[in-house]
Amino acid sequence: MTIEKPKNPKDRIILALDVDDLDEAKQLVRELKDYVGFFKVGLQLSTSVGLDVVKMIQDEGGKVFFDGKFHDIPNTVARACANLVKKNVSFFDVHIKGGSKMLSTTVKLANETAKKYSKEAPVILGVTLLSSFGQRTLTQELNVNMNIDDYVASLAKMAIDAGLNGVVASASEANIIRKNCPEDFIIVCPAIRPTWSVVNDQVRVVTPTDAVLSGVDYMVVGRPVICAENRIEAINLIIDEIENALALKAV
């Protein structure tokens, strides 16, 4: 399946709805739906208000990236993802560390479900390494004796072999992923922090410029926009930075 890449700067932005309240989420969607490509629904919001938020975003004209980071036995993950397909969620993710059988089973059932219910074929992303992890955590706590770049590259290869459409990875690893993956393979970068924002609890953070120049397709931004005094101004600053980076990359 050929995956369509984002056509313009705003389409590259995935706004993280990391809030607890459905009304607050609806306000964000209504305010920013013309400035972003997707709205990310993660564990914080979904465990607070349930999957009603998915329908709300769709009813408001937005598109959903369900960031559930599923990691369980193959049958459980596959059926959970099939349920997302039934709800017209076209972007969602699973942990690559769940293993090749979990990944391939999920891809098969998700695509079969899309065909059965005449839904859009889903874009399934594999989570590589959480952006809150650094080399010390990987080596000392997870006992993985590889540098982050090589470890993430090995996970990306597993994702490709299992039929996933892309990965969630830091822009710092995007170059090595891009060199070893098909042209239509999608890279979604979390932990985007413009130069004017604060880092918070992330470790492997990058700017929108870093992301574009590294070959990232989509970038997830949350607190720098949600917590801004003027959200429209904040998102426009990010769009401007993406436009400038795309122009620089084209030179």
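Reply: Let's begin with burial: a residue is called buried when its relative accessible area is under 20%, exposed when that area is over 50%, and partly exposed in between, using a 1.4 Å probe and protein chains only. This is a predicted model, in which local features need pLDDT of at least 70 and side-chain atom pairs count only at pLDDT 80 or more, while totals for chains, interfaces and linings use all residues. Residues are numbered from 1 along each chain as its sequence is written, and side-chain values use heavy atoms, with hydrogens and water left out.

A salt bridge is a side-chain nitrogen of Lys or Arg within 4 Å of a carboxyl oxygen of Asp or Glu. Helices (H or I, at least four residues) and strands (E, at least two) are DSSP runs, numbered from the N terminus.

Now look at D67. Its side chain meets that of K40 in a salt bridge, with N and O 3.2 Å apart. This joins distant parts of the chain, since D67 sits in strand β3 and K40 in strand β2 (residues 38-41), 27 residues apart. Both partners are buried; D67 counts as such because its relative accessibility is 8%. D67 also forms a salt bridge with K69, where the closest N and O atoms are 2.7 Å apart. K69, at a relative accessible area of 28%, is partly exposed.

Across the whole structure, a search finds twelve salt bridges. Another of these pairs E60 with R30, at 3.0 Å from N to O. Here too distant parts of the chain are linked: E60 lies in the loop between α3 (52-59) and β3 (64-70), and R30 in helix α1 (residues 22-32), 30 residues apart. E60 counts as buried because its relative accessibility is 15%.

On to the nonpolar side. A nonpolar core is a set of buried Ala, Val, Leu, Ile, Met, Phe, Trp, Tyr and Cys residues joined through side-chain atoms within 4.5 Å. The largest one has 67 residues, and those with the most contacts inside it include L17, I57 and F92. Helix α7 (residues 148-162) gives the most to this core, with seven residues. A second, separate core of 13 residues includes I14, A16, L125 and Y218. Taking contact to mean heavy atoms within 4.5 Å, I57 touches L17, V29, F39, V41, G62, K63 and V64, leaving aside residues up to four places away in sequence.

Finally, follow α7 to its neighbour. Axes are lines fitted to C-alpha atoms, for helices over the stretch in contact, and angles run from 0 to 180 degrees between N-to-C directions. Angles under 35 degrees count as roughly parallel, over 145 as roughly antiparallel, 65 to 115 as roughly perpendicular and the rest as oblique. The axes of α7 and helix α5 (residues 100-116) come within 9 Å and cross at roughly 40°, so α5 and α7 are oblique to each other. At this meeting, S100, L103, S104 and V107 in α5 face M158, A159 and A162 in α7 as contacts. On another pairing, helix α4 (residues 74-86) packs with α5 at an angle of about 30°, their axes 8 Å apart. That makes α4 roughly parallel to α5.
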